[in-house]
Amino acid sequence: MRARLSDIAQQAEVSEATVSRVLNDRPGVAPETRQAVLTALDVLGYERPARLRKRSAGLVGLVVPELDNPIFPAFAQVIESTLAQSGFTPVLCTQTPGGVTEDEYVEMLLDRQVSGIVFVSGLHADTAANHDRYRALIARPLPIVMINGYAPGIAAPFVSCDDGEATELAVAHLVALGHRRIGLITGPDRFVPVQRRVAGFRSAMSRLVGTSEAEVGELAELSLFGVEGGEAAAGRLIERGVTGIVSGSDLMALGAIRAARQRGRSVPGDISVVGYDDSPLMAFTDPPLTTMRQPVAAMAVAAVRALVDEINGHAAPHSEYLFRPELVVRGSTAVVGQAGAAPGSGARRPHPAAPTLAVPA
């Protein structure tokens, strides 16, 4: 892409003449001004002139999935802010279905000679993916950090929310409300977080409800992440008589609520729904969503600190940092007492107000 002097000047807050001097590597420009112009080039996605590429220190790549799920912008915001506080300029790479792939983004970042890369819910979380791509980066050497998803044999720091514990806490919450017929909806089973959620669900249902292995298999529905996937999976579970649903994401939980209402059921009067993430605006849905909160800020800060340590030559532990989730109780879960009452029967269903009570895990 051909660089426009006016765009770069506006981004760097300098004159077009100054931009021209920097791009032509001429003297008479203060070091901080030169760096501001080079950073503006990177932020705007322009390719640096070959003679200037050796100066491209201080950039860090941030590769995230599509931003439709509000949890990913939440991660990106904290990571970018923390990187900036550490003196690094983040380069955000957003994946979309059918768009630029993770590997293609990595090649672009390598061309810009980034100092390191943070991967959020990337191919490292996919057990069907070839993880040699990450070993090749480490061998360059290039510091990398992965968030949410663990792949053994990769010498890098991993930062994850404890998905298994999150599911167990969600099941325990529903059991405490009297639910026994509880279902799980989550994404494809090739992803590490999904495998951990299913394992946590099996453990909790066996321990707290006494559900057999065969019965647990009928109560776990795997689908695509997103509202539509949650709606389809929840619909199948509702037909099997569940009164409580634990979801693999907040968006899937919203799909479950839609599936319940399409069948004439109320939430939480007939069916209680628990989400996962506590992404922005979940406190303002109808009803406000009970969910398992990922400690996004703590996880993002830990990931950046580990990466900065690696960049500065202070090797961070090459292991997985597990962060505890937090149960946030709102209005989408209730006591099972009136669950299953026919719509319009006149039976009083518990429908608590929507407190913003956070129950520590």
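Which residues in α1 meet Glu-16, Val-19 and Leu-23 in α2? The first close-up has the answer, and like the other views here, it comes from a predicted model.

**View 1. Helix α1 meets helix α2.** On the α1 side, look for Leu-5, Ser-6, Ile-8 and Ala-9; their partners in α2 are Glu-16, Val-19 and Leu-23. Sort the residues of this contact by class and you get 5 nonpolar, 1 polar and 1 charged. Helix α1 covers residues 5-12 and helix α2 covers residues 16-23, and their axes come within 8 Å of each other. The crossing angle is roughly 105 degrees. Angles from 65 to 115 degrees count as roughly perpendicular, so that is the word for how α1 and α2 sit relative to each other.

**View 2. Helix α5 alongside helix α6.** Here we have α5 (residues 102-111) and α6 (residues 132-139), with axes that come within 12 Å and cross at roughly 10 degrees. From α5, the contact uses Glu-102, Asp-103, Val-106 and Leu-110, while α6 brings in Arg-133, Tyr-134 and Leu-137. The class count for this contact is 4 nonpolar, no polar and 3 charged residues.

**View 3. An open sheet of 6 strands.** Trace the strands across the sheet and you'll read β2-β1-β3-β4-β5-β11, with parallel pairing. The edges belong to β2 (89-94) and β11 (320-323); each has a single partner strand, so one side of each has no neighbour in the sheet. On average, neighbouring strands are turned by 15 degrees against each other, ignoring direction.

**View 4. Strands β4 and β5 side by side.** Now zoom in on one pair from that sheet: β4 (residues 144-147) and β5 (residues 158-161). They pair in the parallel sense, over 2 bridges. To find your way around, spot Met-146, which stands opposite Phe-158 in β5.

**View 5. The largest pocket and its lining.** How much space lies in the largest pocket? About 860 Å³. Its lining is made of 31 residues, and Pro-65, Phe-72, Ser-121, Phe-191 and Phe-225 are the ones nearest the centre. By class, the lining has 14 nonpolar, 10 polar and 7 charged residues. Three elements, α4 (71-85), α8 (192-209) and β9 (272-277), each supply at least two residues of the lining. The largest share comes from α8, with 3 residues.

Note on methods:
Residues are numbered from 1 along each chain as its sequence is written. This is a predicted model: local features need pLDDT of at least 70, side-chain atom pairs count only at pLDDT 80 or more; totals for chains, interfaces and linings use all residues. Side-chain values use heavy atoms; hydrogens and water are left out. Two strands pair if DSSP finds at least two bridges between them. Helices (H or I, at least four residues) and strands (E, at least two) are DSSP runs, numbered from the N terminus. Axes are lines fitted to C-alpha atoms, for helices over the stretch in contact, and angles run from 0 to 180 degrees between N-to-C directions. Angles under 35 degrees count as roughly parallel, over 145 as roughly antiparallel, 65 to 115 as roughly perpendicular and the rest as oblique. Contact means heavy atoms within 4.5 Å. Ala, Val, Leu, Ile, Met, Phe, Trp, Tyr, Cys and Pro count as nonpolar, Asp, Glu, Lys and Arg as charged, and the others, Gly among them, as polar. On a 1 Å grid over the protein atoms alone, a cavity is a set of points where a 1.4 Å probe fits but cannot get out, and a pocket is an open set with protein on both sides within 12 Å along at least five of seven lines; lining residues have an atom within 4 Å of a point. Grid points are joined across faces, edges and corners, and a volume is the space filled by probe spheres set on the points.
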